[in-house]
Amino acid sequence: MSRVVSELADKIGMKRVGRVRRIENNCGVVYMQLIQESHIAAHTHYDGRVLFSVVSCKRFNERRAIEYITQELELRNVKTSSSYRNFR
């Protein structure tokens, strides 16, 4: 999962800051990559679910991100949602 989170930053044109951090909690494991523009996180649950969040003040190709994650993790049941903020 660390590799997928790290490579996702590259795939969507974001500059990574440091390494992927792995944090265990009572629901599963979170993998977080800081990027210059904000962060990318994968929240993995012990029941097998995974939630990715890409937060950025820079626009990026969402379709490319979804396709990369889906392919790399061989996901079958994918639900997506997006929200936008205008910072300018």
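Predicted model: local features only at pLDDT ≥ 70, side-chain atom pairs only at ≥ 80, totals over all residues.

Reader: What pattern does the chain follow along the sequence?

Author: The order is α-β-β-β-β-α.

Reader: How much of the chain counts as buried?

Author: Of the 88 residues, 27% count as buried. The chain exposes about 6700 Å², with carbon and sulfur atoms supplying 45% of that area.

Reader: What share of the contacts comes from residues 24 or more positions apart?

Author: They account for 33%, counting contacts with a separation of 6 or more.

Reader: OK, strands. How do S1 and S2 run, parallel or antiparallel?

Author: Antiparallel: strand S1 (residues 16–24) is joined to strand S2 (residues 28–35) by 6 bridges.

Reader: Which residue in S2 does Arg22 stand opposite?

Author: That's Tyr31. Arg22 also has a salt bridge with Glu24, at 2.9 Å from N to O.

Reader: Are those two buried or exposed?

Author: Arg22 has 49% relative accessibility, so it counts as partly exposed. Glu24 is at 53%, and therefore exposed.

Reader: Switching to H1. Which of its residues are buried?

Author: In helix H1 (residues 2–11), the buried ones are Val4, Val5, Ser6, Leu8 and Ala9.

Reader: What covers them?

Author: The cover includes S1, S2, strand S3 (38–45), strand S4 (50–56) and H2.

Reader: Take Val5, then. What is it in contact with, apart from its sequence neighbours?

Author: Leaving aside residues within four places in sequence, Val5 is in contact with Val20, Tyr31, Gln33, Ile40, Ala42 and Phe52. Val5 counts as buried because its relative accessibility is 0%. Its C-alpha atom is also separated by 10 Å from that of Ala65, which is 60 residues away along the chain.

Reader: Now electrostatics. How many salt bridges are there?

Author: The count comes to 5. One of them is Arg3 with Glu7, where the closest N and O atoms are 2.9 Å apart.

Reader: Where do Arg3 and Glu7 lie?

Author: Both are in helix H1, 4 residues apart, which is about one turn of the helix. Arg3 has a relative accessible area of 43%, so it is partly exposed. Glu7 is at 29%, so that residue counts as partly exposed too.

Reader: Which residues are linked with them in a network?

Author: Arg3, Glu7 and Glu72 are linked in a network of salt bridges.

Reader: What about Asp10, which residue does it form a salt bridge with?

Author: Arg16, with the closest N and O atoms 3.1 Å apart. Asp10 counts as partly exposed because its relative accessibility is 45%. Arg16, with a relative accessible area of 36%, is therefore partly exposed as well. Recall that Arg16 is also in contact with Ser6.

Reader: Last topic: the surface. Which residues make the nonpolar patch?

Author: Ile66, Leu75 and Val78 make a nonpolar surface patch of about 190 Å².

Reader: Where is Leu75 found?

Author: Leu75 is in the segment after helix H2 (62–73). At 30% relative accessibility, Leu75 counts as partly exposed.

Definitions and conventions: Residues numbered from 1 in each chain as written. Heavy atoms only, no water. Patch = residues over 30% accessible without salt bridge, like charges linked within 9 Å, V, L, I, M, F, W, Y side chains within 5 Å. Areas by Shrake-Rupley, 256 points an atom, 1.4 Å probe, with all protein chains shown as cover. Salt bridge = Lys/Arg side-chain N within 4 Å of Asp/Glu carboxyl O. Helix = DSSP H or I, 4+ residues; strand = E, 2+ residues; numbered from the N terminus. Buried < 20%, exposed > 50% of the residue type's maximum accessible area, 1.4 Å probe, protein only. Contact = heavy atoms within 4.5 Å. Pairing = 2+ DSSP bridges.
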